[in-house]
Amino acid sequence: GHSGGGALAMLLAERLPKTSAIITLAGNLDIEAWTKHHRYTQLTGSLNPASQPPLSKTIRQYHYLGTDDTNIHAAWVKPVIERQHSAALYMIEHADHTCCWEKQWPVILKQIKRDSSDGGE
């Protein structure tokens, strides 16, 4: 999931029984910090991935953030990822919130394929 889709991926992963991995690109994993920083009205009736229990250890997590992203800050996402099982954070140099994620797909897919063949280690 990209941006808010990353939040949805985190919130839906355990509700979809066949989920074995999730990938977020510039994922908004703490919507409360995001709304506060940007001075947006707090979302009501929405779940915040940052306040949810960690996902199952059986769900591998790949979280990618751009070093030049001014919309989603690593400082908000890192604590969420650190609480998770089987989760890794990858910082992509010179990527921002929208630019160039499609160029990262070959690298991302290679990483996932390698982890799958290694048994997720």
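Reader: Why does Cys99 count as partly exposed?

Author: Welcome! This is a predicted model, and its values are computed from the atoms. Cys99 has 31% relative accessibility. Buried means under 20% and exposed over 50%, so Cys99 falls in between and counts as partly exposed.

Reader: What makes Cys99 and Cys100 a disulfide?

Author: Their sulfur atoms are 2.1 Å apart. The cut-off is a pair of cysteine sulfur atoms within 2.5 Å, so Cys99 and Cys100 form a disulfide. By this rule the count comes to one disulfide.

Reader: Why is Tyr64 called buried?

Author: The relative accessible area of Tyr64 is 3%. That is under 20%, so the word buried applies. Tyr64 sits in strand β2, which covers residues 60–66.

Reader: Which residues does Tyr64 contact, leaving aside neighbours within four places in sequence?

Author: Among them are Ile23, Thr24, Leu25, Ala26 and Gly27, as well as Tyr90, Ile92 and Trp101. Met10 is 54 residues away from Tyr64 along the chain, and their C-alpha atoms are separated by 14 Å.

Reader: Ala26 is in that list of contacts. How do you know that Ala26 is buried rather than exposed?

Author: Ala26 has 0% relative accessibility. Since buried means under 20%, Ala26 counts as buried. Ala26 lies in the loop between β1 (21–25) and α2 (31–38). Its phi is positive, about 50 degrees, although Ala26 is not a glycine.

Reader: Which way does His94 go, buried or exposed?

Author: His94 has a relative accessible area of 64%. That is over 50%, so His94 is exposed. His94 is found in the loop between β3 (87–92) and α4. Here too the residue is other than glycine and phi is positive, near 70 degrees.

Reader: Where is Ala9, and what does Ala9 touch beyond four places in sequence?

Author: Ala9 is in helix α1. Not counting residues up to four places away, Ala9 touches Gly1 and Ile22.

Reader: What lines the largest pocket?

Author: The lining includes Met10, Leu11, Glu14 and Arg15, along with Leu47, Pro49 and Gln52. The lining residues divide into seven nonpolar, one polar and two charged. Glu and Arg count as charged, so Glu14 and Arg15 belong to the charged group. The volume of this pocket is about 150 Å³.

Reader: Where is confidence highest, and where is it lowest?

Author: In the chain, helix α1 (residues 4–12) is highest at a mean of 96, while helix α4 (residues 101–117) is lowest at 85. The mean pLDDT of the chain is 91, and 98% of its residues reach 70 or more. Where pLDDT is low, the predicted coordinates should not be read in detail.

How values were computed. Residues are numbered from 1 along each chain as its sequence is written. This is a predicted model: local features need pLDDT of at least 70, side-chain atom pairs count only at pLDDT 80 or more; totals for chains, interfaces and linings use all residues. Side-chain values use heavy atoms; hydrogens and water are left out. On a 1 Å grid over the protein atoms alone, a cavity is a set of points where a 1.4 Å probe fits but cannot get out, and a pocket is an open set with protein on both sides within 12 Å along at least five of seven lines; lining residues have an atom within 4 Å of a point. Grid points are joined across faces, edges and corners, and a volume is the space filled by probe spheres set on the points. Buried means under 20% relative accessible area, exposed over 50%, partly exposed in between (1.4 Å probe, protein chains only). Helices (H or I, at least four residues) and strands (E, at least two) are DSSP runs, numbered from the N terminus. Contact means heavy atoms within 4.5 Å. pLDDT is the predictor's confidence in each residue, from 0 to 100.
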